[in-house]
Amino acid sequence: MTERTPPVHASLPQFPISGGELVVGGERLSLLAARVGQTPFYAYDRGHLRQRVAELRAALPRSVKLHYAMKANPMPAVVGLMAGLVDGIDVASAGELKVALDAGADPREVSFAGPGKREIELQQAVASRVLINVESMREVTLLDGISQRLGLPARVAVRVNPDFELKGSGMKMGGGPKQFGVDVEAMPELLAAVGRAGLSFEGFHLFAGSQNLRAESICEAQQKSYALAVRLAQDAPAPVRFLNLGGGFGIPYFPGEQRLDLQPIGDNLAALAAQASAELPEAAFVIELGRYLVGEAGIYVARVIDRKVSRGQVFLVTDGGLHHHLSASGNFGQVVRKNYPVTIGNKADAALREPASVVGPLCTPLDLLADRMDLPAAVEGDLVVVFQSGAYGASASPHGFLGHPPCVEVLV
Ligand SMILES: *Cc1c(COP(=O)(O)O)cnc(C)c1O
């Protein structure tokens with residue numbers, strides 16, 4: 001069945017149209033492509049990134065620290081820009097840690113989470129004086145030895161696997177059996193070990209899930225996380241200084257999805273912060289966001305290299321595909337494949353439209369960027385644009401698959 005999707009530009013005001021072309025970072029798309037010198041490429045819009053952070057700052061209480069979870073988009077130029085806009089950077093490997101520190105992030109406001117941290121990574125994190133979100137007893141033991149060897153007590157927060165889930169999340173990362181964090185039930189024993197090891201205990205980290213568009217669910221998870229942290233603080237070896245309440249703020253990808261309402265979340269955090277001034281007086285709240293900060297600021301651009309009609313269906317074959325943009329192909333965590341918003345960027349307001357599928361050059365039917373969408377009628381040489389591509393794009397895709405050239409990323 002052909003699924004007709006409405007034109008997308010009305011809902012994507014971050015990219016205006018001028019002379020029939022999409023404008024990205026103040027430049028017409030065809031000129032931007034000429035400047036980049038090749039397709040495919042990703043372009044991230046600085047102005048939009050700044051605006052998004054400003055909107056969040058306006059909606060959240062001033063006391064809440066805003067962190068950027070850089071796994072959403074680790075391009076060094078993006079991390080550099082974000083480091084100057086937010087309060088801290090969350091990393092999930094020593095490789096990301098290097099990019100964050102190179103970008104000038106303040107180590108006091110960098111935190112390192114992730115299961116399976118290698119010993120060398122823990123050592124690098126201790127020596128960097130960043131906060132390590134401990135996820136197992138093994139990490140406590142290793143950090144004890146490293147701290148003694150370096151003469152520098154590791155700064156640790158404990159990542160908690162809570163006894164609840166973030167309802168309505170695209171991806172659940174807490175609650176039930178999980179490889180992330182330490183089960184609530186095991187916390188007293190782990191906290192005692194942290195105290196004995198002489199690590200510098202600084203707080204708790206709770207991350208329930210990702211891509212959530214329901215403010216009530218996010219508020220509920222924050223309330224439960226806060227209550228749990230207050231309970232766990234009784235067994236903690238030192239006062240809680242950081243309480244990372246996670247994030248999970250989603251962005252709309254598909255027809256019918258509504259933009260997340262920030263106001264209730266801001267109100268909820270303000271109420272919790274008021275409670276905390278009595279119950280956890282030394283604690284700063286941290287919210288860590290990836291996708292919400294960068295997802296809508298980015299587009300992926302590929303050029304049509306062939307236009308084929310197979311049994312009445314139009315296929316726009318492009319030089320880009322799932323090897324650069326696994327998420328848009330539907331193969332990065334989607335249960336039922338849905339189309340990302342797509343247009344023909346150099347004909348964005350063309351009156352002539354037709355149903356077409358956008359595919360890549362890979363020899364697999366999975367290499368599909370748009371499945372029978374209503375698009376401006378396109379020919380060879382036109383530029384296909386995939387919106388909402390600033391998060392989990394280039395770095396989350398199998399570039400080596402089938403040996404095609406890599407894509408380029410630009411911050412404009
Ligand atoms: C992936 C991840 C994030 C970022 O998630 P988004 O959905 O991109 O906001 C934040 N914190 C942790 C611990 C993560 O693993």
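Student: In which sense do strand E5 and strand E6 pair, and over how many bridges?

Tutor: The model considered here is predicted. In it, His67 stands opposite Gly88 in E6. Strand E5 and strand E6 (residues 88-91) pair in the parallel sense, over three bridges.

Student: Which helix belongs to the β-α-β unit of E5 and E6?

Tutor: E5 and E6 are parallel strands. Together with one helix they make a β-α-β unit, which is right-handed. The helix in this unit is H3 (residues 76-85).

Student: Which residue of E15 is the bridge partner of Leu66?

Tutor: E5 also pairs with strand E15 (residues 284-289), in the parallel sense and over four bridges. Within E15, the bridge partner of Leu66 is Ile287.

Student: Why is strand E5 described as largely enclosed by the rest of the structure?

Tutor: A residue counts as buried when its relative accessible area is under 20%. Strand E5 spans residues 65-69, and the strand is largely enclosed because the number of its five residues that are buried is four.

Student: Are the residues Leu131, Ile132, Asn133 and Val134 of strand E8 buried or exposed?

Tutor: In a regular strand the side chains alternate between the two faces of the sheet. In strand E8 (residues 131-134), Leu131 and Asn133 point one way, and Ile132 and Val134 point the other way. Whichever way they point, all of these residues are buried.

Student: Through which helix does the chain cross from E8 to E9?

Tutor: E8 and strand E9 (residues 155-161) run parallel and are joined by four bridges. Ile132 stands opposite Val156 in E9. The β-α-β crossover from E8 to E9 is right-handed, and it passes through helix H6 (residues 137-150).

Student: Between which domains does the largest pocket lie?

Tutor: The largest pocket has a volume of about 940 Å³. Of the 42 residues that line this pocket, the closest to its centre include Met171 and Tyr392. Two domains both give residues to the lining, so the pocket lies between domain 1 (17-44 + 296-411) and domain 2 (113-289).

Student: How many charged residues does the lining of the largest pocket have?

Tutor: E6, strand E7 (110-112), E15 and helix H10 (291-294) each supply at least two residues of the lining. By class, the lining has 22 nonpolar and 12 polar residues, and the number of charged residues is eight.

Student: Which strands stand at the edges of the open sheet of three strands?

Tutor: The order in this sheet is E1-E2-E3, with antiparallel pairing. Each edge strand has a single partner strand, so one side of each is left without a neighbour in the sheet; these strands are E1 (17-18) and E3 (27-28).

Conventions. Residues are numbered from 1 along each chain as its sequence is written. This is a predicted model: local features need pLDDT of at least 70, side-chain atom pairs count only at pLDDT 80 or more; totals for chains, interfaces and linings use all residues. Side-chain values use heavy atoms; hydrogens and water are left out. Buried means under 20% relative accessible area, exposed over 50%, partly exposed in between (1.4 Å probe, protein chains only). Two strands pair if DSSP finds at least two bridges between them. A crossover is right-handed if, with the strands pointing away from the viewer, the path from the first strand over the helix to the second runs clockwise. On a 1 Å grid over the protein atoms alone, a cavity is a set of points where a 1.4 Å probe fits but cannot get out, and a pocket is an open set with protein on both sides within 12 Å along at least five of seven lines; lining residues have an atom within 4 Å of a point. Grid points are joined across faces, edges and corners, and a volume is the space filled by probe spheres set on the points. Ala, Val, Leu, Ile, Met, Phe, Trp, Tyr, Cys and Pro count as nonpolar, Asp, Glu, Lys and Arg as charged, and the others, Gly among them, as polar. Domain bounds come from an automatic or database domain assignment.
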